[in-house]
Amino acid sequence: MMNKYLLLLFCCIPTITWADTGFNELFESDLEAHNQIADRVAAYHATDIALDTSAQQTELDRLQQDIETILQDSPNEPLYWFISGLNHNNLAALAAAKNNSEAVNQQIELRNMAYQKAMLLDRTLPLRLSARIYATMKYGLPAADKITAIKNEIKLGGSGENDTQYIQLHWSQVNELEKAGRHDEAQAALREMQREISRLDLKNPDYQLIVERAQNEINQGRAADENKVTRITVTKEEPSTTKPSMLYNKNTLWIIFFSVLALISVWMIVRALRSK
Amino acid sequence: MPATLARLIYIACALGSAQLAAQQLKVTTSADADSNAARSFIIVPSNQAIPHGIKHDAPSATLATQIPFIAELEPVSANNIMVQWQVTIPSKNYGEIEVISKFNGNTSREKNIIVWRSQPLASTVPDRHKLIFRPAAPVHLPVIYRKGLGTNGERHKYGGGTRLTDDSVFNPRLTYQIHVDLLQDARVIESYKATISMDDKDLIRQEYINHYGIKRYGFGDDGNLPVPRRDELTPTPDKPANILGNPLTESAYGLLVNDGMLDLVQRVADIYTQQQAYYRDNPLLDLNKKAIPVPQSKLWLSGGWRNPERNEWFSNAANGIHQRGGAVDIIANEPPGDANTAVVYWMLWNGLQQNKNNFNAYWQLETRGRPMRTKEFIEDIEPVNGIPDAFDKADHLHINIPYNTTVEE
């Protein structure tokens, strides 16, 4: 009975709470279909949902089923994979609220797979996913995927509200590449950042402080890596003073034994065949 | 030379006062006394009652109704002197004028310039010493904020707005050149001219007028902001020394509405400096109980006052509060997404929360154009690092003085 009422309430909810959300608005992407599902997923992502956890679980599970159905029909649409990942993130947040760390990890893994799939399907220019989507996906992704998301966000011009946030986006690219040990790429990204500062005619000297910091990080990273390489090449094994004996090597003895056994077997088979 | 030929008179405008040099006309440009005194003007649509005064404590008022421009010579009484008026509009983007004086005239266009010229006016023409005309109201396009690339495909989210001043499409500095010749026997014997042009303050105010009622793309409130008074527009002050980054406005005007922004920035910077000092002595611990180093960098002032065209370029909030001059955005001077960044926002947020009983302001952490959910201050899933996601994902802190109306950033 209670479930019926919950279901009734749930059915009524869309007309009240769906009106105010906007997937298109939040992610600057125009969906051609499935707007209601996307809007609801976006609402969970961006607002405090006024439902108890049980009702939220029911709705999020249903949304995920709907999304899976959509993906079966349109498996190559990166936008739907993004929505799937976003909903897995919603499920992870709900699991965290319930203190279910195993479920959190599961949903995070599914989220990352969905986001990776979305990025994989969005490799040709012009990119179909928006800067806002890439800005959302990058949080919590493994390093390599995070870097890809940042690169794409830059290609799309960033999603910030002023030039400072755009330059900081470049800075984050430098930083993530450097943390991943990709020093040459980090250096190239820093040069790109400097070009953008110049192109936008940002005369504020504080931007040069950012450039200097980023350069220092790269220099320190390179120096740390060079120390590691030096330590490895200095360590040498002492040469052996005796030659190992082939005959008394354990492995060799087994090989000889089984070889003899095989030969004896073959001889017996041949002899049996001839006697017939 | 006839004695009755006009000696040039000084401006004695009933609505304002200004001393002008000789060889100029008496020109009344605006119902706004200060605009008129600066020989500047704004153009107010006749069908709208637009609030006047944008600061939070501005008295309730409405912009004065548009009055026509009046150019006036001392009357010429000689019967053999003809008067001929001319108005030059240097850009076709400004639109034509509506001449209210009962003169016959012709309009011609040459390349980008529009010229209206009267017939030579004999002494029998009533009020020939006075030219009255109304400027065409600028048309702001598009009528809604819309998404897309800029007009030249440049990087930004929306198809409207400009970061420039005096852009011919978005915020032209409307200018009219008024010229009057005195003719005798078909020869020009005297000429007088005046140029009336929007100054920077009125250019800004015209932006607010043009955006009043602009529709927002999607849901949200349309642009219905009051128009600043001239005295609410002041030169840009220096930001405090203990914060890096942008000035209180990145607008190219050199003017802004400062409705408490400077005090906000100072207070936030001071609170953060105190937090840095405190956590150096009382370190935060990570998940492994190791002390987290306190980032040494200062905060960065990211955004302050935005004129409406700039707001349209960078934001999707047609009634965005940054246009009111009482809001600032502050960011961590650390790479976004880095653990240091999260620590900065954490310290800043906690410092503000600790001071909320004696700091009359509203603040929120934002990520990608939205405020954080309440639970994001507790959740730790993206990534799992012991720091609530609100601080991992924050890309700026927004803070504003309290306003009575509901506005968006």
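Predicted model: local features only at pLDDT ≥ 70, side-chain atom pairs only at ≥ 80, totals over all residues.
Residues are numbered from 1 along each chain as its sequence is written, and chains are lettered from A and ligands numbered from 1 in the order in which they are written.

## Chain B overall

Chain B holds six helices and 17 strands. Helices (H or I, at least four residues) and strands (E, at least two) are DSSP runs, numbered from the N terminus. Of its 409 residues, 53% count as buried. Buried means under 20% relative accessible area, exposed over 50%, and partly exposed in between (1.4 Å probe, protein chains only). Among contacts in chain B with a separation of 6 or more, 68% link residues 24 or more positions apart. A contact means heavy atoms within 4.5 Å.

## The open sheet

Six strands of chain B form an open sheet in the order 11-13-14-17-15-16, with mixed pairing. Strand 11 (244-245) and strand 16 (370-371) stand at the edges; each has a single partner strand, so one side of each lacks a neighbour in the sheet. Two strands pair if DSSP finds at least two bridges between them. Strands of a sheet pair through backbone hydrogen bonds, either parallel or antiparallel.

Strand 14 (residues 327-331) and strand 17 (residues 396-400) of chain B pair in the antiparallel sense over four bridges. Here B:Val328 has B:Ile399 of strand 17 as its bridge partner.

B:His179 stands opposite B:Lys193 in strand 9. B:Asn106 stands opposite B:Arg117 in strand 6.

Where does B:Gln184 lie? B:Gln184 is in strand 8 (residues 175-184) of chain B. Its relative accessibility is 19%, so B:Gln184 counts as buried. Leaving aside residues up to four places away in sequence, B:Gln184 touches B:Asn80, B:Ile81 and B:Ile189.

B:Asp185 lies in the loop between strand 8 and strand 9. B:Asp185 is exposed, with a relative accessible area of 69%. Its phi is positive, about 50°, although B:Asp185 is not a glycine. B:Ala186 has its place in the loop between strand 8 and strand 9. B:Ala186 has a positive phi near 65° and is a residue other than glycine. At 75% relative accessibility, B:Ala186 counts as exposed. Most residues other than glycine have a negative phi, and most peptide bonds are trans.

## A loop residue in chain B

B:Asn93 is found in the loop between strand 3 (82-89) and strand 4 (98-99) of chain B. B:Asn93 is partly exposed, with a relative accessible area of 43%. B:Asn93 and B:Asn112 are 19 residues apart in sequence, and their C-alpha atoms are 8.4 Å apart.

## Helices of chain A

Helix 3 (residues 35-46) of chain A has 12 residues. From first C-alpha to last, helix 3 reaches 16 Å, close to the 16 Å expected at 1.5 Å a residue. The expected span is 1.5 Å times one less than the number of residues. Helix 3 of chain A is mostly covered, with 10 of its 12 residues buried. Among them are A:Ile37, A:Asp39, A:Arg40, A:Tyr44 and A:His45.

How do helix 4 and helix 5 of chain A cross, and at what angle? The axes of helix 4 (residues 53-73) and helix 5 (residues 78-97) come within 10 Å and cross at roughly 160°. Axes are lines fitted to C-alpha atoms, for helices over the stretch in contact, and angles run from 0 to 180 degrees between N-to-C directions. Helix 4 and helix 5 of chain A are therefore roughly antiparallel (over 145 degrees). Residues of helix 4 that meet helix 5 include A:Leu60, A:Leu63, A:Ile67 and A:Leu71. On the side of helix 5, A:Trp81, A:Ile83, A:Leu91 and A:Leu94 are among those in contact.

## A cis peptide bond in chain A

A cis peptide bond joins A:Leu125 and A:Pro126, with omega about -5°. A:Pro126 lies in the loop between helix 6 (101-120) and helix 7 (131-137) of chain A.

Note on methods. Heavy atoms only, no water. Parallel < 35°, antiparallel > 145°, perpendicular 65-115°, else oblique.
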